[in-house]
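Please look over the sequence and the model below before reading on.

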Amino acid sequence: MSEIAKPKHASAGPLGLLGFGMTTVLLNLHNVGLFELNVVIIAMGLCLGGLAQIVAGIMEIKAGSTFGATAFTSYGLFWWSLVLIWLLPYDKLGIAGPDGKSLGFYFILWCIHTLFLFIGTLKGNYATRIVFFTLTLLFLFLAIENFTGSHAVGIIAGVIGIICGGSAIYTGVASGVDEEFGKKLMPV
């Protein structure tokens with residue numbers, strides 16, 4: 001009898017990391033003041049930051065990775081929630097729009113969530129640790145910016161966000177390239 005070959009499932013890591021990284025870099029280029037918040041960031045947040053990461057998270061569920069499923073799905077939904085915060089017609093819905101205090105707590109909760117996920121990276125590679133460590137710092141600085149209204153803290157957050165997103169892009173590319181070539185070409 002011949003064996004039935006099991007289908008190989010694609011790795012969700014590159015998709016999720018690239019979706020997260022590219023969207024994070026783009027938003028934080030805005031945060032450091034290179035351009036205004038606009039439809040480019042909104043579209044990227046909905047599609048690559050949101051949908052692509054949710055798809056990657058579902059793929060991680062199928063692969064049996066609780067960590068990957070939690071990280072990609074939750075950050076995909078983070079992007080969707082952030083876009084909704086920016087776009088909801090609050091006055092027509094009869095609810096208050098976001099303020100510094102509520103956004104500060106929003107980012108603190110994401111900071112705590114990310115800190116716990118960072119702890120989960122300690123058994124993994126250095127590149128993933130860098131992504132989650134800088135993301136924890138990013139959420140912390142965004143919370144401080146919103147609580148204090150400090151423009152300078154917002155710029156620091158933007159710089160941290162560019163580093164975070166860039167490290168996620170690198171990690172995603174490294175994962176995809178290494179898998180494609182079947183050997184470690186890019187150190188993580």
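Helix 1 passes helix 3 in a left-handed crossing. The contact between these two helices contains seven nonpolar residues, four polar ones and no charged ones. On the helix 1 side it is made by G13, G16, L17, F20, T23, T24 and L27, and on the helix 3 side by F72, W79, L82 and W86. The two axes come within 10 Å and cross at roughly 30 degrees. Angles under 35 degrees count as roughly parallel, and helix 1 and helix 3 are therefore roughly parallel to each other. The model described here is a predicted one.

Is T24 buried or exposed? Its relative accessibility is 2%, so T24 counts as buried, the limit for that class being under 20%. Leaving aside residues up to four places away in sequence, T24 touches W79, L138, G161 and G165. W79 also belongs to the buried residues of helix 3, and L138 to those of helix 6.

Helix 3 itself covers residues 66–87. Its 22 residues should span 32 Å at 1.5 Å a residue, and the C-alpha atoms at its ends are 31 Å apart, which agrees. The buried residues of this helix are G68, A69, A71, F72, S74, Y75, G76, F78, W79, L82, V83 and I85. What covers them? The cover includes helix 1 (13–31), helix 2 (39–63), helix 4 (90–93), helix 5 and helix 6. An α-helix has 3.6 residues a turn, so residues three or four places apart point the same way. Among the buried residues of helix 3 are F72, G76 and W79.

I58 is in helix 2, and with a relative accessibility of 47% I58 counts as partly exposed. I58 and A69 are 11 residues apart in sequence, with 6.3 Å between their C-alpha atoms. A69 is among the buried residues of helix 3.

The next pair is helix 3 and helix 6. Their axes come within 15 Å and cross at roughly 35 degrees, and helix 3 passes helix 6 in a left-handed crossing. Which residues meet there? From helix 3 they are F67, A71, Y75 and F78, and from helix 6 they are F132, L135 and F139. Sorted by class, this contact has seven nonpolar residues, with no polar and no charged ones.

Helix 6 has 23 residues, and the distance from its first C-alpha to its last is 33 Å, close to the 33 Å expected at 1.5 Å a residue. Its buried residues are A127, T128, V131, F132, T134, L135, T136, L138, F139, L142, A143 and N146. Helix 1, helix 3, helix 5 and helix 7 are included in what covers them.

Helix 5 is one of these covering elements. Two packed helices are described by the angle between their axes and the distance between the axes. The axes of helix 5 (residues 100–121) and helix 6 (residues 126–148) come within 8 Å and cross at roughly 165 degrees. That makes helix 5 roughly antiparallel to helix 6, as angles over 145 degrees are classed that way. The residues in the contact of helix 5 with helix 6 comprise 17 nonpolar, seven polar and two charged. The crossing of this pair is left-handed.

T114 shows where helix 5 stands in relation to the other two helices. T114 lies in helix 5 and is buried, with a relative accessible area of 0%. Not counting residues up to four places away in sequence, T114 touches Y75, F132, L135, T136 and F139. Y75, F132, L135 and F139 also take part in the contact of helix 3 with helix 6. T136 is one of the buried residues of helix 6.

The last stop is helix 7 (residues 151–181), where G176 is placed. G176 is partly exposed, with a relative accessible area of 26%. G176 and V55 are 121 residues apart in sequence and 16 Å apart in space, C-alpha to C-alpha.

Technical notes: Residues numbered from 1 in each chain as written. Predicted model: local features only at pLDDT ≥ 70, side-chain atom pairs only at ≥ 80, totals over all residues. Heavy atoms only, no water. Axes fitted to C-alpha atoms, helices over the stretch in contact; angles between N-to-C directions. Helix = DSSP H or I, 4+ residues; strand = E, 2+ residues; numbered from the N terminus. Parallel < 35°, antiparallel > 145°, perpendicular 65-115°, else oblique. Left-handed = near helix turned anticlockwise from the far one by under 90°. Nonpolar A, V, L, I, M, F, W, Y, C, P; charged D, E, K, R; others polar. Expected span 1.5 Å × (residues − 1). Buried < 20%, exposed > 50% of the residue type's maximum accessible area, 1.4 Å probe, protein only. Contact = heavy atoms within 4.5 Å.
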